[in-house]
Amino acid sequence: MTPEAFAAHIHRLGRAGIKAEIRSSLVVVGLRAERVAKDGYLSGTRLRVRSGRLRSSVAARVETASDAVAELHLRAGGGTGNVRYARIHEYGGTILPIRGKGLAIPVGRSLTAAGVSRGEGGEFRLVRSVTLPARHYMRDTLRLAADALVPVLGERLAAAMRGA
């Protein structure tokens, strides 16, 4: 395609058509990213599922911004569940006791098969702190989404220009 033909296709598509394709490309990439985070990283490859609350909290949303065509937001930990531990799993860190001198870590028969405490009673080990490594489930998901955006947008714009 010559540059003149390309310019004619873009002109026929118009500003509104281009914005619509950018927005729909962001929706496609956002849904793919959400699936990668939930079905990939948060289903056993990076973190083992215990309650499913963290995985359920991952959500992609496309918003129209005043100074941009649209923005893709991918987040974890928010919403109605307010999963406060999302951040420490992403970035890592040390957990210290809030009250008392130590953290009670369930061991042995005090754990369910999923690794969750059975509740009060049972066997616990008292520790001063617990350090969790960074798991990078969101950063790696965002990196994959960024890499996918240009090809998806290119395909959608090419299809729209063929139809214009």
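These legends go with a set of close-up views of a predicted model.

**View 1. Helix α1 and its bend at Gly14.**
Start with α1, the helix that runs over residues 3-45. With 43 residues, a straight helix would reach 63 Å at 1.5 Å a residue, but here the end C-alpha atoms are only 46 Å apart. Look at Gly14 and you'll find a bend of about 90° in α1.

**View 2. Lys19 in α1, and Glu123 across the model.**
Lys19 is part of helix α1. Its relative accessibility is 39%, so Lys19 counts as partly exposed.

**View 3. Arg46 over the ring of Tyr41.**
Here Arg46 lies over the face of Tyr41. The distance to the ring centre is 4.2 Å.

**View 4. Helix α4, with a bend at Leu149.**
Helix α4 covers residues 137-163. Its 27 residues should span 39 Å at 1.5 Å a residue, and the end C-alpha atoms are 38 Å apart, which agrees. There is still a bend of about 30° at Leu149, and the proline Pro151 follows within four residues.

**View 5. The buried residues of α4 and what covers them.**
Several residues of α4 are buried, among them Tyr137, Met138, Asp140 and Thr141. Further along the helix, the buried residues include Ala145, Val152, Leu157, Ala160 and Met161. What covers the buried residues of α4? The cover includes α1, α2 (53-57), β2 (71-75) and α3 (86-91).

**View 6. The largest nonpolar core.**
This core has 15 residues, and the ones that touch the most other members are Leu42, Leu47, Leu54, Val58, Leu74 and Tyr137. At least two residues of the core come from each of α1 and α4. The largest share, five residues, is supplied by α1. Zoom in on Leu54 and leave aside residues up to four places away in sequence: Leu54 touches Leu42, Leu47, Ala76, Val83, Tyr85, Ala86, His89 and Tyr137.

**View 7. His89 and its neighbours.**
You'll find His89 in helix α3. Buried or exposed? At 17% relative accessibility, His89 counts as buried, because the cut-off for that is under 20%. Not counting residues up to four places away in sequence, His89 touches Leu47 and Leu54, along with Leu132, Pro133, Ala134, Arg135, His136 and Tyr137.

**View 8. His136 and its positive phi.**
His136 sits in the loop between β6 (130-132) and α4. Most residues other than glycine have a negative phi. His136 isn't a glycine, yet its phi is positive, at about 50°. With a relative accessible area of 28%, His136 is partly exposed.

**View 9. Ala104 in strand β4.**
Ala104 belongs to β4, the strand of residues 103-106. At 51% relative accessibility, Ala104 counts as exposed, since the cut-off for exposed is over 50%. Phe124 is 20 residues from Ala104 in sequence, but the two are 5.7 Å apart in space, C-alpha to C-alpha. Leaving out residues up to four places away in sequence, Ala104 touches Phe124, Arg125 and Leu126.

Definitions and conventions
Residues are numbered from 1 along each chain as its sequence is written. This is a predicted model: local features need pLDDT of at least 70, side-chain atom pairs count only at pLDDT 80 or more; totals for chains, interfaces and linings use all residues. Side-chain values use heavy atoms; hydrogens and water are left out. A charge sits over a ring if NZ of Lys or CZ of Arg is within 6 Å of the ring centre and within 35 degrees of the ring normal. The expected span of a helix is 1.5 Å times one less than its number of residues. The bend at a residue is the angle between axes fitted to the seven residues ending there and the seven starting there. Buried means under 20% relative accessible area, exposed over 50%, partly exposed in between (1.4 Å probe, protein chains only). Contact means heavy atoms within 4.5 Å. A nonpolar core is a set of buried Ala, Val, Leu, Ile, Met, Phe, Trp, Tyr and Cys residues joined through side-chain atoms within 4.5 Å.
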